[in-house]
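This report covers sheets, helix packing, backbone exceptions and overall dimensions. The sequence and structure come first.

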Amino acid sequence: MCAAAVIFDIQRFSLSDGPGIRTTVFIKGCPLRCRWCHNPESQQFAPQLLFNAQACSGCGACADACARQAHSFSQAGVHNVHFDRCIVCGKCADACVYDALRIAGREMTPGQVLDEVLKDRAYFLSSGGGLTVSGGEPLASPGFLLELLRLAKADDLHTCVETSLYAPWQVIEPFVHFVDLWLVDFKLSDDNQHRLYTGADSRLILENLSVLVKSRCNIVLRCPIIPGINDHQAHFSAIAELAKRYGLEHAVELMPYHAMGKGKAAMIGRAYLIEAESPQNGQKEQWRKAFELLGIPGVSIL
Amino acid sequence: MKFSPVVYSRMKLSAPRQMEIMTAFTSAYRASEGKHPAIRELACLWEQFPHILGMIEPEDIFAGRIFHLPICFAPQEGVLGIGYCFSESGAASFLLRSDITEDMRGRFHELCEYWRKECTQFRIRAAYSREMQKAFPSDDWQHAAGIAFPLYRLSGTHLDFLKLLRCGLPGLRDLIARRRDEAEAKQEDKTFCDCLCGMLDLVILSCRYYEEMAAREMETITNLKRQKELAAMRDSLQRLQTGRPRTFRDAIQLVLLYWIMSGSFNLGRMDTYLADFYAHDLDSGLITQQEALRLLGNFWKMLGALHKEYDTRVIIGGRGRPNEPVADRFALLAMEATRCVREVTPQLMLRFYSGQNPALMEKALQVIGEGRTYPMLYNDDVNIPAVMKAFNVPYDEAAEYAPFGCGEYVIHHKGIGTPSGVINLLKALEAALNNGHDLETGALIGLETGRFEEFLTFHELLSAYKTQVEYFVHQLALQEALEYEVAGREAAFLMLSLLFDDCVGRNRPLLSGGVRYLGGTVETYGNINTSDSLTAIRQLVYEKRILTPSRMLEALKADFAGFEKERRLMLKAPKYGNDDPCADEMAVLVHEHVCAAAREQILSGIGLHSYLVVVINNSANTILGLNTCASADGRRAHTFMANANNPQPGADINGVTAMLNSLVKLDPAIHAGAVQNMKLSKEMFTVHRDKVNALLDTYFQNGGAQAMINVLSRGDLENAIKTPELYRSLIVRVGGFSARFVELQPEVQQEILHRTMY
């Protein structure tokens, strides 16, 4: 038996995380701290409190329910959440009928997750879809992940893992036989920048990628493009060079930045450290052309 | 149920002329009192036709417009009505006309006074048993607060147009004349046959009426092209008086004219009766593809002009079409016509089965993808076995199933299945929660089944609900049988009887032993709100014990004013449409119970071949909802209820596959039709077309019987911002990921909204 993991979402009818109709399972916990992270609540391994100020009615039921004084209301009725005092007991979320408070993440076993995933098995089969595990960083919960994929394979499901590959190769190696398609995030080509914006160096990631390629794994390079940070020619060239080196010219996907993470960071009481604009359609077309000139035609932009 | 805006304002006839027709109609009716119903009906029809046939409009390629008067004979006309119809709303509009004199007004009032008590609907109500009167104190289902209401009509009739086109009018007349001689030889009553002949003479006369009108129009027009058009119309109408239809144009003309005169509202399997004409004319070079499309497109417009939005179904595709390759060619033309014409009607629907020519489904998805909502898709692989079981008919007849109106099935020109009753299941639950009384007014609306506060278990509450439903379903079944019986005594429904299987052979009118399968149906509403409410009650009152029965009742009575927290709890309870075992199990229970309650009615010998539930979509879910108090699923008082078998709008938040998985849990083989609506974004339909195909394939393989697919556009996104609660399942692409549109921050929504819609 292997450990449960904290799952923060199971998204059915997921259309962009691998081929066909898929169910994407999001595991909480990530060793990286990308500043543009779309899901800041996915970084911490443990469940945590999410507060949506827009939904709050100011009724105060949460303050009554909380033994740790994590909720207070100013005289003007403004609801302050003291995340540092929260022990994630969930009592305030239960008391909140307005869904302004909820706990992100609940512990599930691989078997429980698979039961949920299998509900759409027929849709996977007809569309060439299957299970995608995302995060957080799924490789940061290796025991759980391996068991989930083993079960999925026993049920003949197509499997994808979306990962930064930021893990020791020994951790990754056992997965080679259980993952049909690796969705590998390639974030920044300059190592200093990589450290600055993700909190980790890129050497390990690149080494792992190279071994993964040698192991004849199917790979898609997924590249988040953040205006002002990595939407420049040098990075594009590096992506193209990497793709060519590994024969991935037709497996490059660009993921344009979106400010989704900004609101979510506020919900968990965290500062959001970048100011970027979501790219417009015209800009995305320019990227597409730039890649064409670099010998990577028909790059998909998600 | 359905009602159509009656277009009296567009009537070309003057008020005095209308008055003349209605007076003559009434005199004919009075003069034939005591005579055979077929004789009386024929006499009235001769006063009605061709006078109420409308003028040929400048854009018409075919002749065939009709304007019913407030006093008329029809299977179903006006708001509701059967046989000899009197429409109060039609009468009111008539009185508003500017060309009406005081004297006429007085005489019209006299006519109204007479018909109020003489119309078939009145006769039916007058025949009610005491128990029926108690069960149905009101016929006003749109305004009165009640659990069940009777409806008065003969709907879903599908005529054998193949027979009409093969024989032609004179041929049919010969056929009936021979049957008459046979009857004479056997010393049977010949009246019915005589009257059928008389009725055919009237149709032939109506052809002449239009032929002459077309010829007159030609004289007033200088445009050469239009003159040629009218000449073709004239010649066609002339040919139809003396022989069989020869061309595609003739065939459409005959179908249209007979159809509007008959008062039938749906057109059935059109690719089984028009396809040969189309293929013949095209292959012999008589018409081009473009001309065929123009003809059919104009036919579509003529059908649209009738404003029968809840009917006017045209069926294409499916098993049981004798010449399938030819039928398929017509089916493709029909879909192209629907793509081009962009009318609300006809309601085109494609029947399909595994192994059918894939070009049909391909074309269907193309048309749907353009936001047309047509064709609606019907899966024969599920429906035919379901119809065999539900209707208890052999395979060959089940293969002739024909969805009509808002989605009720009958057997094509072999069966009748009028929905003659409406039951609001959520109102039945309201009565069960309040000892038979309306929660708001306290009026007694159902059976006194006990007080909610005294039910110790969920099972006791469920029993009370079931008792309410069973009682009303039984009364509705009795009402339906009585309705047919009275209507059959009043009229022979000649135009329908002629083209319904077995009537001529048996020498019996439609409702007097003629039709092969005389069935009935009951429209159920609020099914899903009922099951979601029961789920919430079971969870909150009996399992978690968070709410007491009296607290819940108080909250519902107050429409949640001061009970916002309670309402939130009810809203958070599991909801159908999310592939949630707990909520779906309850939906199955509610579904199976009411379906069984209906099916059991035939065991009590009420004289119907079948009595089945239909779970259809029209505006009744909203109208009945307006008369229904707050419900335990968190629904506010006097607001809409969920449509048919679909989740309460906004309650399905687990993705489309989850919604579809919930849908297929409801057995289609125990009722006479249910409809499933599906909204997909335009982007989904175009960018992810292969995945949409897989989605639909799988849904149908999983047992999906039907789908109505709505491809959304930018306007829907704008509406989603204004009323997010109705669009909770709308998924959009944000960039690198997909999200539920309404859960996005306002700015994000704006951003997506402002993108070009591809």
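The strands β3(B) and β10 (residues 415–424) of chain B run antiparallel and are joined by 3 bridges. Two strands pair if DSSP finds at least two bridges between them.

Helix α19 (residues 458–490) of chain B lies across β3, β10, β11 (517–525) and β12 of chain B, and runs at about 140 degrees to β10(B). Helix α26 (residues 581–599) of chain B also packs on the sheet, where it touches β11 and β12 of chain B. The direction of α26 makes about 155 degrees with that of β12(B). Angles run from 0 to 180 degrees between N-to-C directions, and axes are lines fitted to C-alpha atoms, for helices over the stretch in contact. Contact means heavy atoms within 4.5 Å.

The sheet is open, with 4 strands in the order β3-β10-β11-β12 (chain B) and mixed pairing. Its edges are β3 (148–150) and β12 (610–614) of chain B; each has a single partner strand, so one side of each is left without a neighbour in the sheet. From one strand to the next, the twist averages 30 degrees.

## Sheet of six strands in chain B

Another open sheet has 6 strands in the order β4-β5-β6-β7-β14-β13 (chain B), again with mixed pairing. At the edges stand β4 (268–269) and β13 (677–681) of chain B, each with a single partner strand, so one side of each is left without a neighbour in the sheet.

Strand β4(B) and strand β5 (residues 313–317) of chain B run parallel and are joined by 2 bridges. Within this pair, B:Gly268 stands opposite B:Val314 in β5(B).

## Helix packing

Two packed helices are described by the angle between their axes and the distance between the axes. In chain A, helix α3 (residues 110–118) and helix α5 (residues 142–154) pack at an angle of about 45 degrees, with their axes 9 Å apart. That angle makes α3(A) oblique to α5(A); under 35 degrees counts as roughly parallel, over 145 as roughly antiparallel, 65 to 115 as roughly perpendicular and the rest as oblique. The crossing of α3(A) past α5(A) is right-handed, that is, the near helix is turned clockwise from the far one by less than a right angle. From α3(A), the residues A:Pro110, A:Gly111, A:Val113 and A:Leu114 meet A:Phe144, A:Glu147, A:Leu148, A:Leu151 and A:Ala152 of α5(A). The residues of this contact divide into 7 nonpolar, 1 polar and 1 charged (Ala, Val, Leu, Ile, Met, Phe, Trp, Tyr, Cys and Pro count as nonpolar, Asp, Glu, Lys and Arg as charged, and the others, Gly among them, as polar).

In chain B, helix α3 (residues 88–95) and helix α4 (residues 102–118) pack at about 175 degrees, with their axes 11 Å apart. The helices α3(B) and α4(B) are therefore roughly antiparallel to each other. The contact involves B:Glu88, B:Ala91, B:Phe94 and B:Leu95 of α3(B), and B:Arg105, B:Phe108, B:His109, B:Cys112 and B:Arg116 of α4(B). The residues of this contact divide into 5 nonpolar, 1 polar and 3 charged.

## Backbone exceptions

A:Gly135 and A:Gly136 are joined by a cis peptide bond with omega of about 10 degrees. A:Gly136 lies in the loop between β8 (130–134) and α5 of chain A. In chain B, the peptide bond from B:Phe49 to B:Pro50 is cis, with omega near 0 degrees. B:Pro50 sits in the loop between α2 (37–48) and β1 (71–74) of chain B.

A:Phe13, in strand β1 (residues 5–14) of chain A, has phi near 55 degrees, a positive value in a residue other than glycine.

## Overall dimensions

Chain A has 11 helices and 13 strands. Its radius of gyration is 20 Å, close to the 19 Å that the globule rule gives for 302 residues, so chain A is as compact as a globular protein of that length. The radius is taken over C-alpha atoms, and the globule rule is 2.2 Å times the number of residues to the power 0.38. Along the principal axes, the C-alpha atoms of chain A fill a box of roughly 60 × 45 × 35 Å.

Chain B comes to 32 helices and 16 strands. The radius of gyration of chain B is 27 Å, close to the 27 Å from the globule rule for 758 residues, so chain B is as compact as a globular protein of that length. The box filled by the C-alpha atoms of chain B, taken along the principal axes, is roughly 75 × 65 × 55 Å.

## Conventions

Residues are numbered from 1 along each chain as its sequence is written, and chains are lettered from A and ligands numbered from 1 in the order in which they are written. For this predicted model, local features need pLDDT of at least 70, side-chain atom pairs count only at pLDDT 80 or more, and totals for chains, interfaces and linings use all residues, while side-chain values use heavy atoms, with hydrogens and water left out.
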